[in-house]
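Okay, everyone, thanks for coming. Have a look at the screen, and I'll talk you through this one.

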Amino acid sequence: MILPNTKIKVGTISEKVIVCGDPGRAKYIGDLLEESQELSFFREYRVINGYYDGKFISIVSHGVGCPGAAVCFEELIKAGAKEIIRVGTAGSYTKSLPPGSLIIADSAVREEGLTHQLVPSGMPAIGDLSLVLKVEKEARKEAVNYRRGTIVTLDAFYPGVIDFPHLTYKKAGALGAEMELASLYVIARMRGIAAAGIFALDGYAYSDMTDYDPHVDQVTLAVEKEIQIALRTLANEES
Ligand code: R1X
């Protein structure tokens, strides 16, 4: 069976999957694998198989925002995914996590619309504790500033006339903001698979975006580090 939105053939991907928003980044990660092979590239969904340290791993892009990403996550699970790690970028809430740092997100705030069409609003969006801690174990081996905690998932990237709730969530203890993790965590928990998320900080979420430039060396380096961390996490597991 070929899945309609991603064009993945069921059973052809690994149980271990790294997802990222950008199809270009999926290609970058795929090029780090041995015997890398692109299975499909339809819409924003690029699907690559390969081996890292001898372990069969799939890399898949999910695009920007929860609705499109949720389509990807659902089809990945239908195709056989059992563990999904999202590697992404996020905006920081704190000067103690400047651009170039990492957040390992054990949980996500559901400040988006998609998951509210799937499960009741009281359902938390949390990662698989075991997988999150495995990611953290690998992160400790890198020379990188990181914290584990909560990230806020929003639908909007550019502000309109309503203030984003960044300050409120910062006061509540959240570390930063991105746009897809809540959907991964809600869907993974609902479907009974494990998920984790790691994020390279590329600026401050509460800034007005006029000077936002994620294409700088310190962010590129942090993205490269989180990718290595995710690959090692999946490759070092027993199963
Ligand atoms: O999750 C956010 C979104 O996918 C992070 O980067 C993108 C917006 O630039």
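Before we count anything: helices are DSSP runs of H or I with at least four residues, strands are E runs with at least two, and both are numbered from the N terminus. With that, the protein chain has 6 helices and 10 strands. The radius of gyration, taken over C-alpha atoms, is 16 Å, close to the 18 Å from the globule rule for 239 residues, so the chain is as compact as a globular protein of that length. That rule is 2.2 Å times the number of residues to the power 0.38.

Quick housekeeping. This is a predicted model, where local features need pLDDT of at least 70, side-chain atom pairs count only at pLDDT 80 or more, and totals for chains, interfaces and linings use all residues. Residues are numbered from 1 along each chain as its sequence is written, and side-chain values use heavy atoms, leaving out hydrogens and water.

Now, how much of the chain is buried? Buried means under 20% relative accessible area, with a 1.4 Å probe and protein chains only, and 56% of the 239 residues count.

Let's zoom in on strand β1, residues 16-20. All 5 of the 5 residues are buried, so β1 is largely enclosed by the rest of the structure. In a regular strand, side chains alternate between the two faces of the sheet. Here Lys16, Ile18 and Cys20 are on one side, Val17 and Val19 on the other, and both faces are covered.

And the neighbours? Strands pair if DSSP finds at least two bridges between them. β1 runs parallel to β5, joined by 4 bridges, with Val19 opposite Arg86. Another 4 bridges join β1 to β4, also parallel, and there Cys20 stands opposite Ser61.

How values were computed
Buried < 20%, exposed > 50% of the residue type's maximum accessible area, 1.4 Å probe, protein only.
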